[in-house]
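Subject: Model with two ligands

Hello,

Please read the notes with the model open.

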Amino acid sequence: MTVKDILDAIQSKDATSADFAALPLPESYRAITVHKDETEMFAGLQTRDKDPRKSIHLDDVPVPELGPGEALVAVMASSVNYNSVWTSIFEPLPTFGFLERYGKLSELTKRHDLPYHIIGSDLAGVVLRTGPGVNAWKPGDEVVAHCLSVELESSDGHNDTMLDPEQRIWGFETNFGGLAEIALVKSNQLMPKPGHLSWEEAAAPGLVNSTAYRQLVSRNGAGMKQGDNVLIWGASGGLGSYATQFALAGGANPICVVSSDQKADICRSMGAEAIIDRNAEGYKFWKDENTQDPKEWKRFGKRIRELTGGEDIDIVFEHPGRETFGASVFVTRKGGTITTCASTSGYMHEYDNRYLWMSLKRIIGSHFANYREAWEANRLIAKGKIHPTLSKTYSLEDTGQAAYDVHRNLHQGKVGVLCLAPEEGLGVRDEEMRAKHLDAINRFRNV
Ligand SMILES: C/C=C/C(=O)SCCNC(=O)CCNC(=O)[C@H](O)C(C)(C)COP(=O)(O)OP(=O)(O)OC[C@H]1O[C@@H](n2cnc3c(N)ncnc32)[C@H](O)[C@@H]1OP(=O)(O)O
Ligand SMILES: NC(=O)C1=CN([C@@H]2O[C@H](COP(=O)(O)OP(=O)(O)OC[C@H]3O[C@@H](n4cnc5c(N)ncnc54)[C@H](OP(=O)(O)O)[C@@H]3O)[C@@H](O)[C@H]2O)C=CC1
């Protein structure tokens, strides 16, 4: 039995759940990995010069044992997230430490502590097997998976599953991720695959869409409301392309920051009107490595006022971190909110705290999304209210190049990876709904 037989079953129109359940599992499958004995390979290099193409491997790996509450999924497509870039350049830490720590929790979690890490935190595919205690899903179900892995044994996480002390991001802090032909997930990560999307389109939004939903829309994040001025850094990037859609769909006013004409055009085509090209306007928030330039914060704030008719920012959607954080705090209005989920340019932030306390601003830390938020974010995709922002897909073999593109900011929106899917465009079940949203679905394609 090989993965080819699984693909044949998925592509046959009449395979039943019983047929999928009767398919023997292959002994091994192909997966994107990084290797524990290579974590020092980039020692001494600048972050920018660490090349994911050198550290990312395509290996044959054994199928992991299936535990209670878990599912094995045949992965048709996945996507590249920035967390896989971090894993592949072993920053800020090699992810093997996370696997070792998880491995100490129980006999079952020991499976994750391996000398290779199968990465990837998105998937669209078909359930192959479910473990004991799983009733909501069965073999043959077409699914996407969100990337929140929690143990749920502590009351700390019972109100908001992101607060579980054993909260992990699947495919980053756990093994057996989505950039592979088969993935192992907890069954409560599974959600229905939106029927109007192809496999690669359905795999694209998951992680970033859920994160943007919590960070911007949810009451656990900024709790955006109609009319809010929302400053969105990287507005056509992974997170930003969803934040921009949430702002527009929610009646807010996105002020989109991008770095090229082409990206400004994409934001315009989504419906945004206020756009700042940070490259063309040449903002230099830092005079040197250690000194910021408040004059540049002011120039940036003035530009925002021009675009808003004199208003300041209610919510900043932050993720670039050190390079922009001082400016983000400054341009926020009295009582406004800076919500942050990352620090791509450096995690030691500096800002002038007088502008925070004297103007009663708030900084909110946000990370991925809880179970419910991830479900709600996927529901908006399924209803055609928010659309995937897939620009390009790569084969599993070329995942290293895909991660390189994202690391070097050469991409637009999201970059997809075909895992078992032999070509793009497969897996659409609702052509009628697709036809209604085709332009929006294809907006980021080949730009
Ligand atoms: C969905 C997608 C998301 C993304 O893309 S996010 C971007 C990618 N992710 C990242 O860049 C994050 C990567 N992770 C990390 O960098 C690290 O993961 C953290 C900095 C988040 C945490 O560091 P750590 O070393 O894993 O844990 P500690 O909490 O610093 O624990 C170290 C020791 O410090 C003790 N400690 C913690 N809090 C306190 C406290 N309040 N008072 C006293 N001690 C404390 C602990 O117990 C422990 O101790 P003991 O080493 O002895 O076990
Ligand atoms: N905590 C969480 O749950 C999550 C955290 N993240 C983290 O968020 C970060 C962004 O992820 P994602 O959106 O997918 O990545 P992308 O690279 O797809 O998009 C980020 C965009 O930010 C802009 N940008 C990058 N560097 C800077 C800078 N120095 N100053 C201003 N703008 C900058 C770029 O847009 P442009 O050049 O057009 O300005 C870029 O396209 C990553 O660090 C990632 O790890 C991501 C998802 C979830």
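H7 gives the most to the shell around ligand 2, with three residues. Helices here are DSSP runs of H or I with at least four residues, numbered from the N terminus. H4, H7 (206–217), helix H8 (238–249) and H11 each supply at least two residues of that shell.

On conventions: this is a predicted model, in which local features need pLDDT of at least 70 and side-chain atom pairs count only at pLDDT 80 or more, while totals for chains, interfaces and linings use all residues. Residues are numbered from 1 along each chain as its sequence is written, chains are lettered from A and ligands numbered from 1 in the order in which they are written, and side-chain values use heavy atoms, with hydrogens and water left out.

Ligand 2

There are 25 residues around ligand 2, and Ser 259, Arg 278, Thr 344, Phe 368 and His 411 come nearest (a residue is near if one of its heavy atoms lies within 4 Å). The shell divides into 10 nonpolar, 12 polar and three charged residues. Here Ala, Val, Leu, Ile, Met, Phe, Trp, Tyr, Cys and Pro count as nonpolar, Asp, Glu, Lys and Arg as charged, and the others, Gly among them, as polar.

Ligand 1

The residues around ligand 1 are Asn 83, Trp 86, Pro 92, Leu 93, Phe 98, Arg 101, Ile 169, Phe 172, Leu 207 and His 367. Helix H4 (82–88) and helix H5 (96–103) are the elements that give two or more residues to this shell. By class, the shell holds seven nonpolar, two polar and one charged.

A polar side-chain atom of Arg 101 lies 3.1 Å from an oxygen atom of ligand 1. Taken alone, ligand 1 exposes 1100 Å², of which the protein buries 34%.

Helix pair

The axes of helix H10 (residues 294–308) and helix H11 (residues 322–331) come within 9 Å and cross at roughly 50°. Axes are lines fitted to C-alpha atoms over the stretch in contact, with angles from 0 to 180 degrees between N-to-C directions. H10 is therefore oblique to H11, since angles under 35 degrees count as roughly parallel, over 145 as roughly antiparallel, 65 to 115 as roughly perpendicular and the rest as oblique.

Regards

Conventions. A polar contact is a pair of N or O atoms within 3.5 Å; within protein, one must be able to donate a hydrogen and the other to accept it, and residues adjacent in sequence count only if both atoms are side-chain atoms. Accessible areas come from the Shrake-Rupley method with a 1.4 Å probe; for residues, only the protein chains shown count as cover.
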